[in-house]
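Hi,

Here is the structure I promised to pass on to you. Have a look at it first, and then read my notes below.

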Amino acid sequence: MQYQLINVEPLTASIGAVIGGVNLADKLSEPVKAEIQHAWLKHLVVFFRDQELTAEQHLSLGRDFGELHIHPAAPYRHDNPALMAIHTDADSHRNNGEVWHSDVSADEQPPKASILYLQTVPATGGDTLWANMYAAYEALSSPIQEMLEPLSARHEANYSGFYGDHKPQRANPHANHPVIRTHPETGRKALFVNQGFTKAILGLSREESSALLQFLFQHVKHPAFHCRFRWTENAVAIWDNRCTQHLAVWDYFPNTRSGTRVTVQGDRPF
Ligand code: SIN
């Protein structure tokens, strides 16, 4: 596609693109939305710099992608559980997303998209990495792809103690999902196990499941599948959880990194 209304600068050959020429605070026209959607499906995570969004505009951007998802346990802002707080500072004992994961994959219908807006960023550090799960699947040999194809895995979340005194919105989720899922919009196959939530592959012995998951978690870490985003104040990232994983690097303690995430409900993986 030749983009007519937006500028798209790929970050790597595999994943990630910075989109220019768009003010996300505006009511976006249908043709602009269609070009953003196209770039998002192609590059899997897209970035917008220098955006000034109110909470309502951030939520409205999420609604352009679908129904909003409520995180099971994370604190939120503006009294709205759809506006998840992403905040780390000198008093933090942990950071969101420090291991490779796809957001809340333990839900029966895990989020399709996440939209992170950071208003405060450290002078250095605090980058986020994303990994392309189509590429991770395609890099496996045919015999391993064929072995994984019929398998499902158990995903579990355990947020107890994770968010301090904050009372969870709902019980810890758990669900079984295919190890290889088909993206409902592109029809492409993607690896769908992650270190954050996937606990076991069903039907295998404990040793087999653990060895296979360790191999796949290691495989996902190959830099050829990755992009790395250097945040600047008021940047926005929109990623596709159905075909990516991400990891937030906590290398800026005791500095503050802060913003909000709006997450969009997805379908049951197949
Ligand atoms: C997350 O959504 O997992 C956090 C990502 C980040 O803070 O960069």
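Let's start with the ligand. Around it sit I86, G97, H101, D103, L116, T128, W239, H246, A248, R257 and R261, where a residue counts as near a molecule if one of its heavy atoms lies within 4 Å of it. Before you go further: this is a predicted model, in which local features need pLDDT of at least 70 and side-chain atom pairs count only at pLDDT 80 or more, while totals for chains, interfaces and linings use all residues. Residues are numbered from 1 along each chain as its sequence is written, and side-chain values use heavy atoms, with hydrogens and water left out.

Which side chains around the ligand put an N or O atom close to one of its oxygens? For T128, the distance from an N or O atom of the side chain to a ligand oxygen is 2.6 Å. For R257, it is 2.8 Å, and a polar side-chain atom of H246 is 3.0 Å from a ligand oxygen. (A polar contact is a pair of N or O atoms within 3.5 Å; within protein, one must be able to donate a hydrogen and the other to accept it, and residues adjacent in sequence count only if both atoms are side-chain atoms.) On its own the ligand has 260 Å² of accessible area, and the protein covers 99% of that. Those areas come from the Shrake-Rupley method with a 1.4 Å probe; for residues, only the protein chains shown count as cover.

Now the cores. A nonpolar core is a set of buried Ala, Val, Leu, Ile, Met, Phe, Trp, Tyr and Cys residues joined through side-chain atoms within 4.5 Å. Buried means under 20% relative accessible area, exposed means over 50%, and partly exposed is in between (1.4 Å probe, protein chains only). The largest nonpolar core has 49 residues, and W130, L148, V179, L191, V193, L216 and W231 have the most contacts inside it. A second, separate core has 27 residues, including I36, L83, A113 and I238.

Leaving out residues up to four places away in sequence, L216 touches L140, L148, V179, L191 and V193; contact means heavy atoms within 4.5 Å. I36, from the second core, lies in helix α1 and is buried, at 5% relative accessible area. I36 and I19 are 17 residues apart along the chain, and their C-alpha atoms are separated by 8.1 Å.

Next, helix α2, residues 55–65, where H58, L59, L61, G62 and F65 are buried. (Helices, H or I of at least four residues, and strands, E of at least two, are DSSP runs numbered from the N terminus.) Why do these residues line one face of the helix? Seen down the axis of α2, the buried residues fall within an arc of 155 degrees, so they line one face; the arc is that of the directions from the helix axis to the C-beta atoms. They pack against α1 (30–43), β4 (68–69), β6 (113–120), β14 (235–240) and β16 (257–264).

N241 is in the loop between β14 and β15 (244–248), and it counts as buried at 0% relative accessibility. The side chain of N241 makes a polar contact with the side chain of W239, at 3.1 Å. H226, in strand β13 (residues 226–229), is buried too, at 13% relative accessibility. A polar atom of the H226 side chain lies 2.8 Å from the backbone oxygen of V220.

Most residues other than glycine have a negative phi, and most peptide bonds are trans. L44 is not a glycine, yet its phi is positive, about 75 degrees. D50, also a residue other than glycine, has a positive phi near 55 degrees. Are they buried or exposed? L44 counts as buried at 1% relative accessibility, whereas D50 is exposed, with a relative accessible area of 64%. As for peptide bonds, a cis one joins F253 and P254, with omega about 10 degrees.

Cheers
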